[in-house]
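Subject: Handover of a structure and notes on its features

Dear colleague,

Please find below the structure that I am handing over to you. My notes follow it, and I would ask you to read them with the model open.

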Amino acid sequence: MSAIESVLHERRVFPPSEQASANAAISGMDAYKALAAEAERDYEGFWARLARETLAWHKPFTKVLDESNAPFYTWFEDGELNASYNCIDRHVEAGNGAKNAIIFEADDGTVTNVTYQDLLQRVSRFANALKKQGVKKGDRVVIYLPMSVEGVVAMQACARIGATHSVVFG
């Protein structure tokens, strides 16, 4: 059996726009290389710092990494957070409720913009509807929807109440 060798060798570079660069979280290659070096020197400390600086924890973690059951490593095992809160609520609380959380383009080209505030309202409403149907933390929910804003709302609603979701794109 022979290996397949690619004959395509792409060498073009597509730099980001000036606006994208100005608004980027990492200001350039020097900043990126500094982050990579920090991670290489002390990966536990690096990820602990980022987890503390960029996520809202309901219960802060005290242990960063448990390597005792390799290869089944556990990160931040004693900490608790809500992924939906971190994706939506904290942006609204920071005064960014009117900014776009989702820009969705449908197959027919229709573009829908959803702000963080609108997304929070939709997700909260759907999470409450799920709870009213008896869905609770630890339950499993299958979401059968096409790729859509409503699909994102359903996923976020499950995360908000602690239900595990599985997506089957209709």
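This is a predicted model: local features need pLDDT of at least 70, side-chain atom pairs count only at pLDDT 80 or more; totals for chains, interfaces and linings use all residues.

I begin with a hairpin formed by strands S5 and S6, which have five residues between them; in the turn, glycine 109 has a positive phi of about 90°. Helices (H or I, at least four residues) and strands (E, at least two) are DSSP runs, numbered from the N terminus. S5 covers residues 100–105 and S6 covers residues 111–115; the two run antiparallel and are joined by five bridges. Two strands are said to pair if DSSP finds at least two bridges between them.

Residues are numbered from 1 along each chain as its sequence is written, and side-chain values use heavy atoms, with hydrogens and water left out.

The overall picture

The protein contains six helices and eight strands. Read from the N terminus, the order of these elements is α-α-α-β-β-β-β-α-β-β-α-β-α-β. The radius of gyration is 20 Å, well over the 15 Å that the globule rule gives for 170 residues, so the protein is more spread out than a compact globule. This radius is taken over C-alpha atoms, and the globule rule is 2.2 Å times the number of residues to the power 0.38. Along its principal axes, the C-alpha trace spans about 50 × 50 × 50 Å. Of the 170 residues, 24% are buried; buried means under 20% relative accessible area, exposed over 50%, and partly exposed in between (1.4 Å probe, protein chains only). Among contacts (heavy atoms within 4.5 Å) with a separation of 6 or more, 49% are between residues 24 or more positions apart.

Helix H6 and its surroundings

Helix H6 has 13 residues and reaches 19 Å from its first C-alpha to its last, close to the 18 Å expected at 1.5 Å a residue. The expected span is 1.5 Å times one less than the number of residues. Its buried residues include Val149, Val153, Ala157 and Ile161. The buried residues of H6 pack against helix H4 (83–96), S5, S6, H5, strand S7 (140–145) and strand S8 (164–169).

Glutamine 156 lies in H6 (residues 149–161) and is buried, with a relative accessible area of 15%. Which residues does glutamine 156 contact, leaving aside its neighbours within four places in sequence? They are Ser84, Cys87, Ile88 and Val123. Just after H6, glycine 162 takes a positive phi of about 85°.

Cysteines

How many disulfides does the structure hold? It holds zero, a disulfide being a pair of cysteine sulfur atoms within 2.5 Å. For cysteine 87, the nearest cysteine sulfur is that of cysteine 158, 13 Å away. Cysteine 87 is partly exposed, at 39% relative accessible area, whereas cysteine 158 is buried, at 0%.

Rings of Phe, Tyr and Trp (its six-membered ring) pair if their centres lie within 6.5 Å; planes under 30 degrees apart count as stacked, over 60 as edge-to-face and the rest as tilted. The rings of phenylalanine 46 and tryptophan 47 have centres 4.9 Å apart and planes at 80°, so this pair is edge-to-face. Phenylalanine 46 is buried, with a relative accessible area of 7%, while tryptophan 47 is partly exposed, at 42%.

One aromatic cluster is formed by Trp57, Phe61, Trp75 and Phe76. Phenylalanine 76 is found in the loop between S3 and strand S4 (80–81) and is buried, at 17% relative accessible area. Although it is not a glycine, phenylalanine 76 has a positive phi of about 55°. Most residues other than glycine have a negative phi, and most peptide bonds are trans. A cis peptide bond joins alanine 70 and proline 71, with omega about 5°. Proline 71 lies in the loop between strand S2 (65–66) and strand S3 (74–75).

Yours sincerely
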